[in-house]
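I opened my notebook to look up how charged side chains pair up in this structure.

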Amino acid sequence: MPYLTSISVYPIKSLDGIVVNQVKVLASGALSQDREFAILDAQGRFVNGKRNFKVHLLRSTWNVAKQTVCFQVQGTLEKQEFAIEDDRHQLESWLSNYFGFTVTLARNSTTGFPDDNIASGPTIISTATLETVASWFPGISVSEIRQRFRSNLEIDGVPPFWEDRLFTNEGEVIKFQIGEIIFEGINPCQRCIVPTRNSLTGESYSNFQKLFTEKRRETLPNWANASRFNHFYRLSINTKIPASEAGKILEIGDKIQLL
């Protein structure tokens, strides 16, 4: 039976994630702490890897118990630790100096800052899928592919692209359950430029998107609804969690079943 083998949340949108053993579902259907914070420019736009190369070089280590974040620029030794609330001004000043323009750190503990406000639940992928995708790119490890695609929930005990069972026709949902929690599968996640780059250095992999698209088309399983692929640069599943599931806990080892 498929089971949950890893849970990752990304406290600051676009920055490094943390792996946790369990996580609570919020009333909005988001996971607690996932994309709870976001870096915004003076126009209120997200500062992310799509728009700013320097995001790739910024390492962040989150201390949940202390509610602190430690920043380090890739390739340097200096580290800067800030209390996420008490040191907010100093934190924003440090980030502004790093990026070279004024930024603020916004917080939303209710919904977080999802990429898709309709499918605002966690993204799901299988270990076998990550392994298969890594095999398409010489020199890229499974761990690096995992970091590039940044999914929240990873499942094991299934063949590659098993998660493509978790969506159906546009406007409809597939209901499934992980542990005690009901999910609605919405669509295959459309990817951006970020997975084409090294997760630590930002270096581009030549023809990554072209090769990925060709291989994804060739290996699309017969259980996938091909009508949802207007292009094949899609990987992992976008989901929504109904409000009825608020307060429930996802844990490593939870079994997954279609409903």
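I began with the term itself: a salt bridge is a side-chain nitrogen of Lys or Arg within 4 Å of a carboxyl oxygen of Asp or Glu. Side chains of opposite charge can pair when their charged atoms come close.

I noted that this is a predicted model, in which local features need pLDDT of at least 70 and side-chain atom pairs count only at pLDDT 80 or more, while totals for chains, interfaces and linings use all residues. Residues are numbered from 1 along each chain as its sequence is written, and side-chain values use heavy atoms, with hydrogens and water left out.

I looked up the pair of aspartate 164 and arginine 216, whose closest N and O atoms are 3.0 Å apart in a salt bridge. Aspartate 164 sits in the loop between strand S10 (153–156) and strand S11 (174–178), and arginine 216 in helix H4 (residues 208–219), so this pair ties together parts 52 residues apart in sequence. Helices (H or I, at least four residues) and strands (E, at least two) are DSSP runs, numbered from the N terminus. I found both aspartate 164 and arginine 216 buried, where buried means under 20% relative accessible area, exposed over 50%, and partly exposed in between (1.4 Å probe, protein chains only).

I then turned to arginine 45, which forms a salt bridge with aspartate 41 at 2.9 Å between the closest N and O atoms. Arginine 45 is partly exposed, at 43% relative accessible area, whereas aspartate 41 is buried, at 12% relative accessibility.

Finally, I wrote down the count, which is 13 salt bridges by this rule.
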